[in-house]
Amino acid sequence: RSSDLKGNPEISEKNLMRPLVNYGIACMSIGFLVEESAPVIWRGLMVMSAIEKLLRQVEWNALDYLVIDMPPGTGDVQLSISQNIPVSGAVIVSTPQDIDRKS
């Protein structure tokens, strides 16, 4: 919601999702793939499977930076990402939950 983007990603000729773009920034979110009012219950492997899909089944152009907004939890997702994709640096930002729920 904070990116002011809505809609479903298009599918490319390579059968990859095209990220939505706003302010010149390519964005991809599970929120684009499920109904806005539908609750999403994240459990261990489901979280990693969703993140894998967003990393590997999206037609990303060359990226200078990749920002990943991860769900709260124990750190399993962060650990899996650091083990499965090359990371040359990281910045961790922690925000109060109310910011995520802005209308």
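Is V34 buried or exposed, or partly exposed? I found V34 partly exposed, at a relative accessible area of 35% (buried means under 20%, exposed over 50%, partly exposed in between, with a 1.4 Å probe and protein chains only).

I noted that the model is predicted, that local features need pLDDT of at least 70 and side-chain atom pairs pLDDT 80 or more, and that totals for chains, interfaces and linings use all residues. Residues are numbered from 1 along each chain as its sequence is written, and side-chain values use heavy atoms, without hydrogens and water.

**Entry: salt bridges**

I counted four salt bridges, each a side-chain nitrogen of Lys or Arg within 4 Å of a carboxyl oxygen of Asp or Glu. I then looked up R18, which is partly exposed at 26%. Its side chain meets E10 at 3.5 Å, N to O, and E13 at 3.1 Å. E10 is exposed at 54%, and E13 is exposed at 71%. R18 also bridges to E59 at 3.2 Å. R18 lies in the segment before β1 and E59 in the loop between α1 and α2 (76–84), so this pair ties together parts 41 residues apart in sequence. Shared partners join E10, E13, R18 and E59 into one network. For the elements, I used DSSP runs numbered from the N terminus: helices (H or I) of at least four residues and strands (E) of at least two.

**Entry: backbone**

I checked phi next. Most residues other than glycine have a negative phi. N15 has a positive phi of about 65 degrees; N15 lies in the segment before β1 (20–22) and is exposed at 61%. Phi of Y23 is near 55 degrees; Y23 sits in the loop between β1 and β2 and is exposed at 64%.
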